[in-house]
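I opened the model to look up two things.

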Amino acid sequence: MERALRVAVVGSGPSGMYAADALTSQDDIEVSVDVIDKLPSPFGLVRYGVAPDHVSIRSVRDTLDKVLDKPGVRFLGNVDVGTDVTLGQLRTFYDAIILTYGASRDRALGIPGEDLAGSIAATDFVNWYTGHPDMAPDAFTGFLRETTSVAVIGVGNVAVDVTRVLSKTPGEIDWTDMPQHVLEALASSSVTDVHIVGRRGPAQATWTTKELRELGELEQTQVIVAEGGDVGDPASQAAAADKAVARNIAVVADWESRSDDERPRRIHLHFRCRPVEIIGDTRVEGLVVERTELDEQGGAQGTGDTHAIAVDAVIRSVGYRGMALEGVPFDERRNVIPNVDGRVVSNDVPVPGLYVAGWIKRGPTGIIGTNKKDAVQTVACLLEDAASPAFFTALHPDEASVDAALGDAVVDAEGWRRIDQAERSLGAERGRDRTTLWSRDDLLSAARG
Ligand code: NAP
């Protein structure tokens, strides 16, 4: 092999960056990697998913950033694969492509009333408070001003993030890198009550204990276990053998036993409540839930017993959803790209030169570190395939570089460094470490210096 193996990684979130790192941390095959992202800034959900007040989790960005400094790694930001360049075109420039574009869409509940004003997706709210360029600055200003009581559906870590952000005082959040318009809208929020609604019990919740505990440590907000907190059924007892589950149960039981909390705002936990309808004329006026019982596998079975929770907004936080990319096989049921250990397959046959890692490979689960192992597995398959001479003769990539096809709209690693510096300077003006630049125009003009 006379030239380096050319690999494109589509998506610069944790799995993409870990894949680029793994490709350039071995000596067997010389590799050059272009990490492509549709946004001008890298790091995907580390920037636009992890809550801004979770500083230690967000600091993984420093580790990912070092990958962009590695010889052989380039960042090509502001390039939307499918719009600015097709996958077919990319295939002519690269020997192999690793798709790591994640699962960015929300999942719907599929219940009546979901389209009423005041019913929103957690993914949009998270994108807004992290400063995603696709979210208008005033997207939730009216929502926050007009809402006093909100239901958050789902008992995972995103539901916890959203609840915490809604329940913090300005003093607890205004040191973060959230854009100024977000901090101002949160400061003028009317929300006093957040109802977290889980269709199963505390033993089946997917949140993690550290994140859950934080809900009990807020300055002005107490946690009330409103209903369904018991764990005496066989499925919950069996689940409690797992230490992480037992810790979650203990946190909920501790809240249930308290009676002297005088903090003025409230988080209400409703377990074993399956949402069946969002009621209202044009706006959300309440959420109807059906009580559930757990079967032996821990599944929720409706009991027919319904009641309404008085809320004026609903945030569904029931998971992310991956999207298909033109020209790539897609599993419509699981919303992932079908693969075996990261090799993309079509009707069980590997598609030469096409790989996948991260949430679009395995679904939207796991912590950031899960993506490292996942990306390493994919890269091992790619390198194993590339060790065969047939790998190159099969693909014949164009000797031309992708650069000419992309033009000068690309934001490279230097451009990203300028964005990074502009955000630090903006933050310093307000006594913070950083303030996120939210608009695409501002990001691009900062990138161009
Ligand atoms: P998740 O953990 O899968 O939680 C989704 C929740 O929605 C579950 O409680 C699920 O209940 C519920 N749900 C699904 N469909 C429902 C329906 N039709 N009706 C009612 N409830 C329904 O997903 P996530 O919270 O979006 O988090 C995604 C991943 O990112 C997770 O791995 C998470 O740990 C990670 N994350 C981590 C952090 C952190 O700070 N460490 C922060 C954010 C996200 P069932 O279990 O009954 O299906």
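At what angle do the axes of helix 6 and helix 10 cross? I noted first that this is a predicted model. Then I took the pair, residues 122-129 for helix 6 and residues 180-187 for helix 10. Their axes cross at roughly 120°. They come within 9 Å. Angles of 65 to 115 degrees count as roughly perpendicular and those over 145 as roughly antiparallel. Helix 6 and helix 10 are therefore oblique to each other.

Next I listed who makes this contact. Helix 6 brings Phe125, Trp128 and Tyr129. Helix 10 brings His181, Val182, Ala185 and Leu186. I sorted these residues by class: six are nonpolar, one is polar and none is charged.

Then I moved to the ligand. How many residues surround the ligand? I found 24, and the closest are Val155, Arg199, Arg200, Thr206 and Gly366. The shell divides into ten nonpolar, nine polar and five charged residues. Helix 8, residues 157-167, gives the most to this shell, with three residues.

I looked up oxygen atoms of the ligand next. In the side chain of arginine 199, an N or O atom is 2.7 Å from a ligand oxygen. For glycine 366, a backbone N or O atom lies 2.8 Å from a ligand oxygen. At valine 158, a polar backbone atom is 3.1 Å from a ligand oxygen.

Last, I checked cover. On its own the ligand has 920 Å² of accessible area, and the protein covers 82% of it.

Notes: Residues are numbered from 1 along each chain as its sequence is written. This is a predicted model: local features need pLDDT of at least 70, side-chain atom pairs count only at pLDDT 80 or more; totals for chains, interfaces and linings use all residues. Side-chain values use heavy atoms; hydrogens and water are left out. Axes are lines fitted to C-alpha atoms, for helices over the stretch in contact, and angles run from 0 to 180 degrees between N-to-C directions. Helices (H or I, at least four residues) and strands (E, at least two) are DSSP runs, numbered from the N terminus. Angles under 35 degrees count as roughly parallel, over 145 as roughly antiparallel, 65 to 115 as roughly perpendicular and the rest as oblique. Contact means heavy atoms within 4.5 Å. Ala, Val, Leu, Ile, Met, Phe, Trp, Tyr, Cys and Pro count as nonpolar, Asp, Glu, Lys and Arg as charged, and the others, Gly among them, as polar. A residue is near a molecule or strand if one of its heavy atoms lies within 4 Å of it. A polar contact is a pair of N or O atoms within 3.5 Å; within protein, one must be able to donate a hydrogen and the other to accept it, and residues adjacent in sequence count only if both atoms are side-chain atoms. Accessible areas come from the Shrake-Rupley method with a 1.4 Å probe; for residues, only the protein chains shown count as cover.
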